[in-house]
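User: I have a new structure to go through. Take me over it in plain terms, one topic at a time.

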Amino acid sequence: MTSETLHVAELRSLLQELASNGESHLAEVEADLSQTTTLLAEAIEKLGISFFAIHNAVLAQQKALDVMLTAQNLSETEAAQLEVFRQKIADEVGTAVTGLQFQDLTAQLIARIVKRIAGLKELLTSLDEYGDTLNHASSNEDIAKLLESINQTLRFKSNVLTTESRKSVSQQDMDSGDIELF
């Protein structure tokens, strides 16, 4: 076995192991993100239903309370204090519902991550294919050409992946941006 042959075998092994291990780990990440998306969507749906039920119950309670208070002739101070409580409840329910609506933005970000993972898996597959083309009879010049071809392919596919995955969600936190309530 010559040193030239040893390098070809090592390069082939490196490319194939990198592709195999990378694809395996990315498949796990992709599956975890998919499960996270499903669990998040189900949790948000249930929370949304609960918040609407709470909101409707509070509205019904407020109407009943208004009828009772009208009969009691409250002072202006007592009526103002009840209005403060009413507004606080409405504000808190609104804030909670707004928070739930950010699930859509989160789902968009996760979808973008999954798309990037698919692109990385494709990149790794191309490395594996290059590993298959190496053979023990390759010359140093052939190996240099192959490495340059690998670099060109990686740059091209990376640029395509970057272009296709332009950031579509610019929201950085839940305190900024415009989300309309239901």
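This is a predicted model: local features need pLDDT of at least 70, side-chain atom pairs count only at pLDDT 80 or more; totals for chains, interfaces and linings use all residues.

User: Where do E92 and K88 lie?
Analyst: Both are in helix 2, four residues apart, which is about one turn of the helix. Helices here are DSSP runs of H or I with at least four residues, strands are E runs of at least two, and both are numbered from the N terminus. In general, an α-helix has 3.6 residues a turn, so residues three or four places apart point the same way.

User: What does E92 form with K88?
Analyst: E92 and K88 form a salt bridge, and their closest N and O atoms are 2.9 Å apart. The term means a side-chain nitrogen of Lys or Arg within 4 Å of a carboxyl oxygen of Asp or Glu. As a general point, side chains of opposite charge can pair when their charged atoms come close.

User: How many helices and strands does the protein have?
Analyst: Three helices and zero strands. From the N terminus on, the order is α-α-α.

User: Back to the charged pairs. How many salt bridges are in the whole structure?
Analyst: The search finds seven. One of them joins E30 and K121, with the closest N and O atoms 2.8 Å apart. E30 lies in helix 1 and K121 in helix 2 (residues 76-133), so this pair ties together parts that are 91 residues apart in sequence. K121 is partly exposed, at 24% relative accessible area.

User: What else does E30 touch?
Analyst: Not counting residues up to four places away in sequence, E30 touches V114, I117, A118 and K121. Contact means heavy atoms within 4.5 Å. The C-alpha atoms of E30 and K115 are separated by 9.1 Å, although the two residues are 85 apart along the chain.

User: Which side chains meet in the 3.8 Å salt bridge?
Analyst: Those of E122 and K157, at 3.8 Å from N to O. This pair links distant parts of the chain, with E122 in helix 2 and K157 in helix 3 (residues 140-164), 35 residues apart. Salt bridges that share partners also join D66, E83 and R86 into one network.

User: What does the side chain of Q62 make with R86?
Analyst: The side chains of Q62 and R86 make a polar contact of 3.3 Å. That term is a pair of N or O atoms within 3.5 Å; within protein, one must be able to donate a hydrogen and the other to accept it, and residues adjacent in sequence count only if both atoms are side-chain atoms. Q62 sits in helix 1 (residues 3-72) and is buried, with a relative accessible area of 11%.

User: Which residues have the most contacts in the largest nonpolar core?
Analyst: L15, L127, L134 and I150, in a core of 15 residues. Helix 1, helix 2 and helix 3 each supply at least two residues of this core, and helix 1 gives the most, with six. A nonpolar core is a set of buried Ala, Val, Leu, Ile, Met, Phe, Trp, Tyr and Cys residues joined through side-chain atoms within 4.5 Å.

User: What does L127 touch?
Analyst: L15, L18, A19, I150 and L154, not counting residues up to four places away in sequence. A19 lies in helix 1 and counts as buried, at 0% relative accessibility.

User: Which residues of helix 3 are buried?
Analyst: I143, L146, I150, T153 and L161. Helix 3 has 25 residues and reaches 36 Å from its first C-alpha to its last, close to the 36 Å expected at 1.5 Å a residue. The expected span is 1.5 Å times one less than the number of residues.

User: What percentage of the protein's residues count as buried?
Analyst: Of its 182 residues, 22%.

How values were computed:
Residues are numbered from 1 along each chain as its sequence is written. Side-chain values use heavy atoms; hydrogens and water are left out. Buried means under 20% relative accessible area, exposed over 50%, partly exposed in between (1.4 Å probe, protein chains only).
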